[in-house]
Amino acid sequence: MLWNKAKKQAWHRGHGTPGTPQKHRIHRTQVLIIGGGATGAGILWDLTLRGIDAVLVEARELAYGTSGRCHGLLHSGGRYLVKDSEVARECYDENQILRRVAAAAIEDTGGLFVYLKGDDPDYAAQWAAAAKKADLPYEEIDVAEARQMEPLLSGNVQRAFRVPDAAIDPFELIVMNVRGAVERGAHLLTGSRVEKLLTDSRGVSGVVVKDMHSGESYSIEAEVVVNAAGPWAGQVAALAGISLEIAYGKGTLLVYTQRLNKCVINRLRPPGDADILVPAKSVSLLGTTDVAVQTPDNPRPSQEEINTLLKLGEELVPGLSSRRVVRAFAGVRPLYDPGESGRGASRGFAVIDHGKTHGVANFYSVVGGKLTTYRLMAERAADLVAAHLGVSAPCRTRDVVLPPPLDACSQGGDSSPLICECEMLSEKELLQAAEKLQTVTPEALVRSTRLAHGPCQGTSCLYRAALLLYREGYLSYEGALEFLRYALAGRWRGMGAVLDDAQAKQLELAQGVYLETFGLETLKNEL
Ligand SMILES: Cc1cc2nc3c(=O)[nH]c(=O)nc-3n(C[C@H](O)[C@H](O)[C@H](O)COP(=O)(O)OP(=O)(O)OC[C@H]3O[C@@H](n4cnc5c(N)ncnc54)[C@H](O)[C@@H]3O)c2cc1C
């Protein structure tokens, strides 16, 4: 079991990528899953519950891809009601299941769909009719009630519907799936990139993995390989000579320093830019845009997208454009709808048995979909894989409750000093998170604890965190410096995209502390 094995192990970085020195290499498994996003993590959990031996291989770290760069909305289905009632129903059903089995990652915020004066009234009428027909629990409420629920809402709201949307933390969700699986004997390899698919006369027989820390490559034999590489699924399929038409839709999100709304606010109009405001723990996220891009690598928010979000956000919540935005980030949607792209493309998903479609046996791809439907995607993929292996055990992920991402320690009387005042994170909580992580990488720590997520973006907590992790033996001296460099570069990149007056001052202060006082000069080259 590799979980927990990294304690007292230096954090390293190779080729600009946080990697895991894999001391405990695995050479054989029944099923090898490529991609540590929600889909891959869900498949690992599902197969493990069926008693199937499985390994999850992730090139970077858990939630590195689209799952870690999304809005965090557990859809109720409302957004897809008019265009695709099947996807709407799937979202609603999964929303209800996840509330039971993944409650620790979900905040039941509820949601509103609001129709604004000037938006298409026919669309609102169509939406209301579709809601009735779908027999989903969407209820029209008085505008006054909606404004009481969300006082910042525009005065132009003319109709409002209450829907069972919720906020979901994608990082926690993924960690819960992986933790549950690993505690039952599955394996996770992070910092391990699949570079080649092995084949024999029966089809795909395994993979060649590159350890991103050491640069060494080695083989893992597998009876079945599942490609759950999200927007990179086309690249992975190409390793088997298969062409998969994945369209890349970049979406940019703005993060506010404060939580501005209690429930999810959706603008009731055909899906467009800046029409969802999601409350996420101590902040709110406004998004998104949808821009066709050529590659899933390194998506960056553009100034044009940021301006669009600010302008349109203002229509939904007046004053939004003058609130403090702490950072902007972007993710890439893996859209699988041959012939369609952008917002026209389906948010449905496909599980492809390449033995049937391309004559490449023992190889499956899971493409498209949403975070909200990750469990269903995993179930469908695991059904096919189990049948292929002759395993009759049914799916249990609808009923088995996932373990929490971390064991709560604050309830046990945590009197340790605060490390991050913005997010009220204690030393004890940080160390507990480090203990649970396979490798203490900044992204993994930052995401699992919300360290440096607040208004100061790490100015006053990251050096204290690095020092604590060094003192407690989770990071070497060099590892602690690398931790700082990498974590700060990530924070500053997001801040740099939204430099207004307040953010510029904050960034200048942070750079004064780290570049001048601590002399982290080389960081300048990484921004
Ligand atoms: C801006 C934006 C907002 C969104 N908001 C929402 C939302 O609010 N609600 C919702 O339900 N959905 C939302 N989505 C959609 C949702 O985020 C994605 O559909 C989902 O997260 C995809 O998960 P995944 O596991 O399939 O892919 P990913 O999360 O991208 O995971 C794929 C993983 O594969 C790894 N990988 C790639 N190649 C290799 C290789 N060769 N070897 C090993 N590993 C490899 C990558 O590093 C990556 O970690 C949003 C998407 C975007 C872009």
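## Surface patch

Leu467, Tyr470 and Tyr477 make a nonpolar surface patch of about 330 Å². The model is predicted. Leu467 belongs to helix H12, which spans residues 462–471. Its relative accessible area is 44%, so Leu467 counts as partly exposed; the cut-offs are under 20% for buried and over 50% for exposed.

## Ligand site

How many residues surround the ligand? The shell has 36 residues. The closest are Thr39, Glu58, Ser67, Leu73 and Thr372. By class, the shell divides into 15 nonpolar, 16 polar and five charged residues. Three elements each supply at least two shell residues: helix H1 (38–49), strand E12 (192–200) and strand E20 (325–335).

A polar backbone atom of Leu73 is 2.8 Å from a ligand nitrogen. Two further pairs involve ligand oxygen. A backbone N or O atom of Leu371 lies 3.1 Å from an oxygen atom of the ligand. For Gly369, a backbone N or O atom lies 3.2 Å from a ligand oxygen. On its own, the ligand has 1000 Å² of accessible area, and the protein covers 96% of that.

## Salt bridges

Side chains of opposite charge can pair when their charged atoms come close. With a cut-off of 4 Å between a side-chain nitrogen of Lys or Arg and a carboxyl oxygen of Asp or Glu, the model has 27 salt bridges. One of them pairs Arg259 with Glu107, with the closest N and O atoms 2.9 Å apart. This pair links distant parts of the chain, 152 residues apart. Arg259 sits in the loop between strand E15 (247–256) and strand E16 (264–267), while Glu107 is in strand E6 (residues 106–107). Both ends are partly exposed: Arg259 has 29% relative accessibility, and Glu107 has 33%.

Arg193 and Glu195 also meet through their side chains, at 3.2 Å from N to O. Arg193 is partly exposed at 38% relative accessible area. Glu195 is partly exposed too, at 34%.

Asp501 and Lys505 form another bridge, with 3.5 Å between the closest N and O atoms. What separates these two residues along helix H14? They are four residues apart in this helix (residues 501–517), so the separation is about one helical turn. Asp501 and Lys505 are both exposed. Elsewhere, salt bridges link Glu94, Arg375, Glu379 and Arg398 in a network.

## A buried lysine

Is Lys250 buried or exposed? Its relative accessibility is 9%, so Lys250 counts as buried, the limit being under 20%. Lys250 lies in strand E15.

The side chain of Lys250 has polar partners. One is the backbone oxygen of Arg300, which lies 2.7 Å from a polar atom of the Lys250 side chain. Another is the side chain of Glu305, in a polar contact of 2.7 Å.

## Backbone geometry

Where does the cis peptide bond lie? It joins Gly287 and Thr288, with omega about -15°. Thr288 is in the loop between strand E18 (283–287) and strand E19 (291–293).

Positive phi values occur in residues other than glycine. Asn362 has a phi of about 65°. It lies in the loop between helix H8 (354–358) and strand E22 (363–368). At 12% relative accessibility, Asn362 counts as buried. Ala452 has a positive phi as well, near 70°. Its loop runs between helix H11 (442–449) and H12. Ala452 is buried, with a relative accessible area of 1%. Helix H12 also holds Leu467 of the nonpolar patch.

## An exposed glutamine

Gln148 is placed in helix H4, residues 143–149. Its relative accessible area is 63%, so Gln148 is exposed, the threshold being over 50%. How far is Gln148 from Cys91 in sequence and in space? The two are 57 residues apart in sequence. In space, their C-alpha atoms are 27 Å apart.

Notes:
Residues numbered from 1 in each chain as written. Predicted model: local features only at pLDDT ≥ 70, side-chain atom pairs only at ≥ 80, totals over all residues. Heavy atoms only, no water. Patch = residues over 30% accessible without salt bridge, like charges linked within 9 Å, V, L, I, M, F, W, Y side chains within 5 Å. Areas by Shrake-Rupley, 256 points an atom, 1.4 Å probe, with all protein chains shown as cover. Buried < 20%, exposed > 50% of the residue type's maximum accessible area, 1.4 Å probe, protein only. Near = heavy atom within 4 Å. Polar contact = N/O pair within 3.5 Å; in protein donor to acceptor, adjacent residues only side chain to side chain. Nonpolar A, V, L, I, M, F, W, Y, C, P; charged D, E, K, R; others polar.
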